[in-house]
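Trainee: Could you show me how to read salt bridges in a structure? I would like to go through an example with you.

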Amino acid sequence: LWDNEIKYWQRIDAPAIINAVDKSIENLFLFKQKTKTEIINALKMVGRNKQPKETLPTQVQCGTKIIDLNENLVIEATPEYFFTNPIPHELTSEYLECPTIDQLFNDWVAPEYVPLLYEVCAYCMLPAYPLHRTFCLIGDGRNGKSSYTKIITRLIGKQNVCSTNFYSLLNRQFE
């Protein structure tokens with residue numbers, strides 16, 4: 001379902017679609033199963049003919065803007081592009097410097113590794129991961145590992161984060 005306020009596609013199920021239709025059309029009696037099925041099937045047929053463009057792995061949506069990293073282009077997010085995981089921050093040139101983050105990164109790692117911390121943050125913003133990598137934060141306690149993961153979570157948005165435990169990664173085939 002396209003959210004015109006936030007400017008992205010939301011993954012929802014059939015009951016959510018029926019609720020959205022019911023909310024937008026007054027006096028529609030959706031308590032009959034036949035009516036619900038007809039609406040869902042009609043929406044599937046129309047949707048099949050109006051599929052949005054697949055996004056490129058080099059395109060990132062920040063707020064209501066889409067950035068194409070290869071073309072160095074910024075365009076407005078529209079239903080024409082299929083983004084389901086936008087970065088929840090508007091693109092701005094107001095904050096080109098990050099002195100607080102710079103200081104934290106320099107406190108946590110040697111100066112030669114600071115760019116790597118920024119690269120991991122940038123990599124996490126990509127909608128697809130061209131390099132299949134796992135990033136492991138290793139160290140004693142109280143040296144910034146949890147704070148770094150909180151920074152990444154705030155940067156890319158809580159809705160774009162998932163986690164699991166190491167045991168599940170090792171022992172579950174599709175984890």
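Mentor: Let's take the salt bridges in turn, along with the exposure of their partners. Keep in mind that this is a predicted model.

Trainee: How many salt bridges does a search of the whole structure find?

Mentor: The search finds four. To count, a side-chain nitrogen of Lys or Arg has to lie within 4 Å of a carboxyl oxygen of Asp or Glu. One of them joins Lys34 and Glu38, with N to O at 3.9 Å.

Trainee: Where do Lys34 and Glu38 lie?

Mentor: Both are in helix α2, residues 33–49. They are four residues apart, about one turn of the helix. Lys34 counts as exposed because its relative accessibility is 61%, and exposed means over 50%. Glu38, at 46%, counts as partly exposed.

Trainee: Which residue forms a salt bridge with Glu76?

Mentor: That is Lys65, and the closest N and O atoms are 2.6 Å apart. This pair links distant parts of the chain: Glu76 sits in strand β5 (residues 73–76) and Lys65 in strand β4 (residues 65–68), eleven residues apart.

Trainee: What do the side chains of Glu175 and Arg172 do?

Mentor: They meet in a salt bridge, 3.9 Å from N to O. Arg172 is exposed, with a relative accessible area of 51%, while Glu175 counts as partly exposed at 42%.

Technical notes:
Residues are numbered from 1 along each chain as its sequence is written. This is a predicted model: local features need pLDDT of at least 70, side-chain atom pairs count only at pLDDT 80 or more; totals for chains, interfaces and linings use all residues. Side-chain values use heavy atoms; hydrogens and water are left out. Helices (H or I, at least four residues) and strands (E, at least two) are DSSP runs, numbered from the N terminus. Buried means under 20% relative accessible area, exposed over 50%, partly exposed in between (1.4 Å probe, protein chains only).
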